[in-house]
Amino acid sequence: MPDTFKTRVIDVTTGSRETVYDLTRECERFLRDAAQGQDGFLNVFAPHATMGVALLETGAGSDEDLLAALQKLLPADFPWRHRHGTPGHGRDHVLPALVPPHATLPVVGGALALGTWQSVCLVDTNIDNSDRRVRLSFLG
């Protein structure tokens, strides 16, 4: 059995347009309190049917490239069977099959062990709901 398990739910506002929201700083703040220098794992879980968690470089165009690719893979004007919400909202419900709503990341010495250009991001194409919750859990 692990020595430490701590979890926290945080509120995030992703805005009124499709977005890649960088969650890395919130993860680091949580780990300062939860990991206290220990090794372990951070699980990031988005309990929403229309959102995903991804690791990618932000600020150099990759976030916009991801959203553009998702628009091509999941076009809003496709005849989605899931039709409530704004036009094309059915695509938002397919998104988590391509960008899963969770990620488990290594923590070494209490810090995320990410690659140089990696960020922990929420991928949110649902413009109908900008108020989101994310569960961060540390297992050490």
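A polar contact is a pair of N or O atoms within 3.5 Å; within protein, one must be able to donate a hydrogen and the other to accept it. In this predicted model, the side chains of Thr4 and Gln38 form such a contact at 3.0 Å.

**Around Thr4.** Thr4 lies in the segment before strand E1 (5-13). Its relative accessibility is 11%, so Thr4 counts as buried. Beyond its neighbours within four places in sequence, Thr4 touches Ala34, Gln38, Phe138, Leu139 and Gly140.

**The chain.** Three helices and eight strands make up the secondary structure. Their pattern along the sequence is β-β-α-β-β-α-α-β-β-β-β. The radius of gyration is 16 Å, close to the 14 Å that the globule rule gives for 140 residues, so the chain is as compact as a globular protein of that length. Among contacts between residues at least 6 apart in sequence, 83% join residues at least 24 apart.

| Property of the chain | Value |
|---|---|
| Span of the C-alpha trace along its principal axes | about 50 × 30 × 25 Å |
| Buried share of the 140 residues | 43% |

**An open sheet.** Three strands form an open sheet in the order E2-E7-E4, with antiparallel pairing. Strand E2 (19-22) and strand E4 (51-56) stand at the edges; each has a single partner strand, so one side of each lacks a neighbour in the sheet. From one strand to the next, the twist averages 30°. E4 pairs with strand E7 (residues 119-124) over six bridges, in the antiparallel sense. Leu55 has Val120 in E7 as its bridge partner.

Technical notes. Residues numbered from 1 in each chain as written. Predicted model: local features only at pLDDT ≥ 70, side-chain atom pairs only at ≥ 80, totals over all residues. Heavy atoms only, no water. Helix = DSSP H or I, 4+ residues; strand = E, 2+ residues; numbered from the N terminus. Buried < 20%, exposed > 50% of the residue type's maximum accessible area, 1.4 Å probe, protein only. Contact = heavy atoms within 4.5 Å. Pairing = 2+ DSSP bridges. Axes fitted to C-alpha atoms, helices over the stretch in contact; angles between N-to-C directions. Rg over C-alpha atoms; globule rule 2.2 N^0.38 Å.
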